[in-house]
Amino acid sequence: MNASGATPPVGSSPAYDAIVIGAGFGGLYALYHLRDEMGLSVRGFDGASDVGGTWWYNRYPGARVDAPSSPFYAYTFSQELVDEWVWPETQSTQADVLAYVEHVADKFDLRKDIQFDTFVTDARYDDDNQHWTIETDGGERATARFLICAIGALFVANMPDYTGIDDFAGDIYHTGRWPHEPVSFEGKRVGVIGTGSSGVQAIPQIAKTADHVTVLQRTPQYALPARNRPLPQEDLEQYREDWDDLRASMRYRGGWPFPTSKLQAADHTFEERQERYEEMWERGGMHLAINSFTGVYVDEELNEEIAEFVRGKIRDIVDDPETAQKLMPSYPFGTKRLILDNGYFETYNRDNVTLVDLRNDPIEAFTESSVRTVHGEHPIDVLVLATGFDAVSGSMLKLNPKGRGGVPLKEKWAERFDNHLGMTIAGYPNLFMIHGPGAPGVFFTMPLGAELQTAWIESCIRHLDEAGLGAMEATEDAEASWDAEINGIANRTLYPRTDSWYTGANIPGKPRQFLGHLMGSQYFNRLTEVAEAGFKDFVFEERR
Ligand code: NAP
């Protein structure tokens, strides 16, 4: 359909310049930028009922920003927006982030160009007409020259397939698909599977009211104290005054305006290092990881020393030594996404919380009213799945666009998620991903990352239009060298040694491939270079 609601005849000129799928941080910005800054006609679609993306879906108890400071987990492009929005806490709640996104949608009048409650079920490239045709679950069609997929790096829920899970008679909630109505755990026996960021945030909150919580843990986590606090409003004022400089520094400092440690561990004694870890632990947030010493993710010895420091903290916090032992992570520190917690380890000192270590006591089956492990049966009324997502590639594969010659992405990506620059795919002209495989994604600030990726999409569109070209796509050679580059960067670090969603290891049968660019600032330099060099590694077609 077009803006007036009519379905254009297939084969005609595209109804829109661009279709943007997704109305989270990435999609909203793409819509704003292409429509208001570039003057293009743009139509947005989202399966959710309103804006917010991940913050619309993930409304489980305890959900909040786990970034260093809320004012920087936000759009950076509008000084007016920065000046008028008040962030109450250093790590805002899901409700506050969603309120912010809704404010952005109001301020820039974005909703009028988005069709909500509408999943895009098909997207096909029309080679003859050089445009994309999408179909929705409502049976509508729309066409556009450019297809922008801002469909979420963490969207497709991972639903474990345990024997008997369908027989379980109680409610089952996935943290990434949390109901909009309040969920009460009062008087309930709750089972929680998963101790990633979502589980670690939710468990302490659920334990406050539940009769009993049984945590079913597969892999223990390094969680650091968030030390969330009210954001001093004089700090916010200062950020507003310095915004241009802060914004520029974020671009070059991995997405945050805060400097990271340049201290060399080898220049300090063991005691001095321990003192520094202690100081960083007290400061909270990511400080231990980024501000103790340089090289935490590459220096095995330093990494293990910090890992052991955190294990010591877990031993100190958790009263029962056996439970503490079960909570000890053994893989390199920080190589699964680091978690900021608000009383997570303390929760295991409550009488109403039990920890089951699935490594030694795996789940056998669910019954109508319990989860049975090898060594015991745990009665539960409610099951919370904090089991994460088929991350980064999952949402593109769910969309499964059909490129040149009708080739489905599932076929192209059967073995590897080949793409160029984390944004474009050979055989899928004029399609752009935001936060796709190989882009910095969560290794950078996602809202700013989306702004910078959209700026690059603008440069592509301008290049096409200025030269009278109709379509561009990456070459397969470019994809191969990009793949080597991403994995080369990852392989110089400790990250690939650990099973995580970063490597695809969390989903049975998923190809193992490092899914993010670890050096965000270098990545965005690269985008600029590619544009300035006239998009070498891309092939172009005359406009038909
Ligand atoms: P996750 O990090 O992938 O954690 C999933 C958890 O479920 C892991 O403990 C995993 O164990 C476990 N699990 C998965 N399948 C299982 C199975 N079949 N049986 C038993 N356990 C199973 O997912 P998440 O916690 O939803 O977080 C995903 C990402 O979302 C985070 O890393 C972060 O980037 C983002 N996030 C951000 C925020 C925030 O900003 N506030 C909050 C939540 C999430 P294994 O470790 O053994 O695989």
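Me: On what basis are local features and side-chain values given here?

Reply: This is a predicted model, in which local features need pLDDT of at least 70 and side-chain atom pairs count only at pLDDT 80 or more, while totals for chains, interfaces and linings use all residues. Residues are numbered from 1 along each chain as its sequence is written, and side-chain values use heavy atoms, with hydrogens and water left out.

Me: Into which domains is the protein divided?

Reply: Domain bounds come from an automatic or database domain assignment. Domain 1 comprises 15-51 + 110-156 + 390-542, and domain 2 comprises 160-222 + 334-388. Eleven residues from domain 1 and seven residues from domain 2 take part in the contact, where contact means heavy atoms within 4.5 Å. The C-alpha centres of the two domains lie 34 Å apart.

Me: How is a pair of aromatic rings described?

Reply: A pair of aromatic rings is described by the distance of the centres and the angle of the planes. Rings of Phe, Tyr and Trp (its six-membered ring) pair if their centres lie within 6.5 Å; planes under 30 degrees apart count as stacked, over 60 as edge-to-face and the rest as tilted. A search of the whole structure gives 49 aromatic pairs. One of them is edge-to-face: Tyr-222 and Phe-333, at 5.4 Å centre to centre and with 80° between the planes.

Me: Which parts does the pair of Tyr-222 and Phe-333 tie together?

Reply: Helices (H or I, at least four residues) and strands (E, at least two) are DSSP runs, numbered from the N terminus. Tyr-222 lies in the loop between strand S9 (212-217) and strand S10 (223-225), and Phe-333 in the loop between helix H11 (321-326) and strand S11 (339-341), so the pair ties together parts that are 111 residues apart in sequence. Buried means under 20% relative accessible area, exposed over 50%, and partly exposed in between (1.4 Å probe, protein chains only). Tyr-222 is buried, at 1%, and Phe-333 is buried, at 0%.

Me: Which rings are linked into a cluster?

Reply: The cluster linked by ring pairs contains Phe-25, Tyr-29, Tyr-32, Trp-55, Tyr-73, Tyr-75, Phe-77, Trp-85, Trp-87, Tyr-100 and Phe-108. A charge sits over a ring if NZ of Lys or CZ of Arg is within 6 Å of the ring centre and within 35 degrees of the ring normal. Lys-107 lies over the face of Phe-108, 5.8 Å from the ring centre. Arg-177 is likewise placed over the face of Tyr-57, at 4.5 Å.

Me: How does helix H17 read by the same test?

Reply: The 13 residues of H17 should span 18 Å, and its end C-alpha atoms are 19 Å apart, which agrees. Its buried residues are Gly-520, Ser-521, Tyr-523, Phe-524, Arg-526, Leu-527 and Val-530. Their cover includes helix H7 (243-252), H15, helix H16 (476-491) and S19. Gly-534 follows H17 with a positive phi near 75°.

Me: Which residue has a positive phi of about 60° although it is not a glycine?

Reply: That residue is Phe-535. Phe-535 lies in the loop between helix H17 (520-532) and strand S19 (538-542), and is buried at 2% relative accessible area. Arg-227, also not a glycine, has a positive phi of about 50°; Arg-227 is partly exposed, at 31%.

Me: What does the side chain of Asn-487 reach?

Reply: A polar contact is a pair of N or O atoms within 3.5 Å; within protein, one must be able to donate a hydrogen and the other to accept it, and residues adjacent in sequence count only if both atoms are side-chain atoms. The side chain of Asn-487 reaches the backbone nitrogen of Phe-514 at 3.3 Å, and a polar contact of 2.9 Å joins it to the side chain of Asp-483. Asn-487 is found in helix H16 and counts as buried, at 14% relative accessibility.

Conventions
Expected span 1.5 Å × (residues − 1).
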